[in-house]
Amino acid sequence: MAALAGARSAPVLITASAIGYYGDRGDEELTEESQPGDGFLARLCQDWEAAAARAAEHGCRVVQTRFGVIQARDVGMLVAMRRSALVGPVVRFGYGRRHQSWVALDDVTRAITFALATPALAGPLNVTSPNPITNAAYAATLGRIMRRPVIPVPPLLPRIALPGVADELLLQSAKVLPRRLLSAGFQFRYPTLDGCLRALL
């Protein structure tokens, strides 16, 4: 904070938070104005954002990006699912009804650059595709592109494998929309999961 206070010109601080901020919310549509959720991940995101917000007291424009599940070729969830599907079926955790808010890595970097160049953007900023889908639709899309079958895994199995954390890591539902990015004129390069996965795979 001392370095920010001593800056010659007003700096911009962009923090990396996550849609875990909203917790498990079922079918509710969530925007930057939505209230925070409950649980460890939600509290962690809230504490992280609150600490970063203090920079505004020193004249800093603070942007608190809340990332969805990032889709990338070499890291993250897609890599694990692709490796599994190369030797077996695509796995779908739970009953397929939970909402999965995702975003392409390319759009993440473009959104950060956009936020840096847009003085009107400050505060929370959802960085997610404008088209969240259910995890059943995600698995079906990946299976279609990779030409692999999809099998459901009941919630009990991940809860046994990851006791105490499976619900927050694998079974939460958050239908998050990037309202502020869209209102500011940002255009997603990969607004649909099909186009995103085909470009990556």
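This is a predicted model: local features need pLDDT of at least 70, side-chain atom pairs count only at pLDDT 80 or more; totals for chains, interfaces and linings use all residues.

Colleague: What makes S3 and S8 a pair?

Modeller: Strand S3 (residues 61–67) and S8 share five bridges in the parallel sense. Pairing requires at least two bridges, so the two strands pair.

Colleague: Which order do the strands of the sheet follow?

Modeller: The sheet is open, has three strands and runs S1-S3-S8, with parallel pairing. S1 and strand S8 (123–127) are called edge strands because each pairs on one side only. From one strand to the next, the twist averages 25°.

Colleague: Which helix touches S1 and S3?

Modeller: Helix H2 (residues 40–53) packs on the sheet and touches S1 and S3, with its direction at about 175° to that of S1. Helix H4 (residues 105–116) lies across S1, S3 and S8, and runs at about 165° to S3.

Colleague: Why is Ser17 called buried?

Modeller: Ser17 has a relative accessible area of 7%. Buried means under 20%, so Ser17 is buried. Ser17 sits in strand S1 (residues 12–18) and touches Cys45, Trp48, Glu49, Thr65, Arg66 and Phe67, leaving aside residues up to four places away in sequence.

Colleague: How do you know that the side chains of Ser17 and Glu49 make a polar contact?

Modeller: The contact is 2.9 Å. The cut-off for such a pair of N or O atoms is within 3.5 Å, so the term applies to Ser17 and Glu49.

Notes. Residues are numbered from 1 along each chain as its sequence is written. Side-chain values use heavy atoms; hydrogens and water are left out. Helices (H or I, at least four residues) and strands (E, at least two) are DSSP runs, numbered from the N terminus. Buried means under 20% relative accessible area, exposed over 50%, partly exposed in between (1.4 Å probe, protein chains only). Contact means heavy atoms within 4.5 Å. A polar contact is a pair of N or O atoms within 3.5 Å; within protein, one must be able to donate a hydrogen and the other to accept it, and residues adjacent in sequence count only if both atoms are side-chain atoms. Axes are lines fitted to C-alpha atoms, for helices over the stretch in contact, and angles run from 0 to 180 degrees between N-to-C directions.
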